[in-house]
Amino acid sequence: MAHKAAMAGIMNVALGHMASQALYVAARMKLADRLADGPAETGQLASECAADPALLGRLLRALAAAEVLEQRGPELFALAPMGHALRDGVPNSARNFVLTYLSPPVWNAWADLETTVRTGETAFDRVHGMGAFDYCAAHPDVAAVFHRAMAEDAAQVAEVLAEEFDFSAFGTVADIGGGNGTLLAAVLAATPDLRGILFDTELGVAAAPDVLAGAGVSDRCETVAGDFFAGVPRADAHLLKSVVHDWDDDAAVRLLSTCRRSLPDTGRVLLVERVLPVEAPAGPDPALVRHQLAGPVIMG
C-alpha cells in the first residue's frame, strides 16, 4: 500500500501542469469575473467567452475539482472561496500573478529546466535570446501584466512591513524598483511625516499616480523613472523588495553599491526578500519548490 501511495503522489506532482494550465485559461477567459455576481450555466459562459461549450464544460468541472469553482448542477457553476482570488482588481487578487507565471514566455522557459540544471545557464535567456527584463521592454503588453503581478505580490506584505518596521526615523525613503507604488504607499500612509520617492522604469511607474492618489499620499511622494544600475535618488533609506534576488552576485553588488553612494552615512538599505532554507522542511511545500527554482529558470 505504501508503494501505491507513493505512485499516486508522484502522479499528482507530474500532472500538476494540467491544473496550472486550467487556472491560466480561467484567468485569460475572466471566468471569475463572469461568475462574480452569481452562478451561471455553461452555455452562457461559453457564449460570453466565445468558447466551445463541451470543452468549456470540461474546464469548468476541472476547476471545480481544483476547488476554484463549485458545481451547483450538471451545467451550473459558481465561484468557490478560492476562486475570488482570480477576479481582477479586487483585494488579494492573484489574477495577474497567474497570467505572468503561466504565460507562454515563462512556461516555455520552465520546459528547459533540465538544461539549466546541467549547465547553470538561465533558461529564459536561452529560450528567448534575451533576459526577462529585456523581454518585458520589448513587449510592453507582457510588461504591463508583470508589473500588475508585482503589485499583487507587494500588497501581501505592504501592511505587515508598515506595522513591523518603524520608518519614523527617516525623513525620506526611496522605494527602488517599486513598481506602481503599492508598497511605498502603505509605508507612507502609516508614517504621516515621511516623504517618499518611487523609482522604477517608465513603464513600471506608469500606474503609480492612481495608486498614490488612492492612498492619499501623492503630496508626499515623488515619482522618478530611471535605471537603478546607473543611479538612484538620494534618500535617508532605500527600500528594495524582491529586487536583489533577480540578479547574480556581481550585479547585486553593483546595485547595492549604487544605493550606498546615494545614502548619507547614517542611511540604511532595507531588503525585503524571501530567505530560503538550506535544508528542505518535512512535508511537501509547493511554494518552496517555486522559490528554489524560479530564479535560475527566469532570472539566472
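## Charged pairs

Is Asp-265 buried or exposed? In this predicted model, Asp-265 counts as exposed, at 72% relative accessibility, and its side chain meets that of Arg-260 in a salt bridge with an N to O distance of 3.7 Å. Arg-260 is partly exposed, with a relative accessible area of 44%. A search of the whole structure finds nine salt bridges, including one between Glu-121 and Arg-126 at 3.1 Å, N to O; Glu-121 is partly exposed at 43%, and Arg-126 is also partly exposed, at 28%. Salt bridges with shared partners join Asp-112, Glu-121 and Arg-126 into one network.

Lys-241 forms a salt bridge with Asp-153, and their closest N and O atoms are 2.6 Å apart. Because Lys-241 lies in strand E7 (residues 237-241) and Asp-153 in helix H11, this pair ties together parts that are 88 residues apart in sequence. Lys-241 is buried, with a relative accessible area of 11%, and Asp-153 is buried as well, with 15%.

## A buried strand residue

Val-173 belongs to strand E4 (residues 172-176) and is buried, at 0% relative accessibility. Beyond its neighbours within four places in sequence, Val-173 is in contact with several residues, among them Phe-167, Leu-184, Ile-197 and Leu-239.

## The second largest pocket

The second largest pocket has a volume of about 890 Å³, and of the 41 residues that line it, Phe-133, Phe-146, His-147, Asp-200 and Phe-228 are the closest to its centre. Helix H11 gives the most to this lining, with eight residues, and the lining as a whole divides into 19 nonpolar, twelve polar and ten charged residues.

How values were computed
Residues are numbered from 1 along each chain as its sequence is written. This is a predicted model: local features need pLDDT of at least 70, side-chain atom pairs count only at pLDDT 80 or more; totals for chains, interfaces and linings use all residues. Side-chain values use heavy atoms; hydrogens and water are left out. On a 1 Å grid over the protein atoms alone, a cavity is a set of points where a 1.4 Å probe fits but cannot get out, and a pocket is an open set with protein on both sides within 12 Å along at least five of seven lines; lining residues have an atom within 4 Å of a point. Grid points are joined across faces, edges and corners, and a volume is the space filled by probe spheres set on the points. Helices (H or I, at least four residues) and strands (E, at least two) are DSSP runs, numbered from the N terminus. Ala, Val, Leu, Ile, Met, Phe, Trp, Tyr, Cys and Pro count as nonpolar, Asp, Glu, Lys and Arg as charged, and the others, Gly among them, as polar. Buried means under 20% relative accessible area, exposed over 50%, partly exposed in between (1.4 Å probe, protein chains only). Contact means heavy atoms within 4.5 Å. A salt bridge is a side-chain nitrogen of Lys or Arg within 4 Å of a carboxyl oxygen of Asp or Glu.
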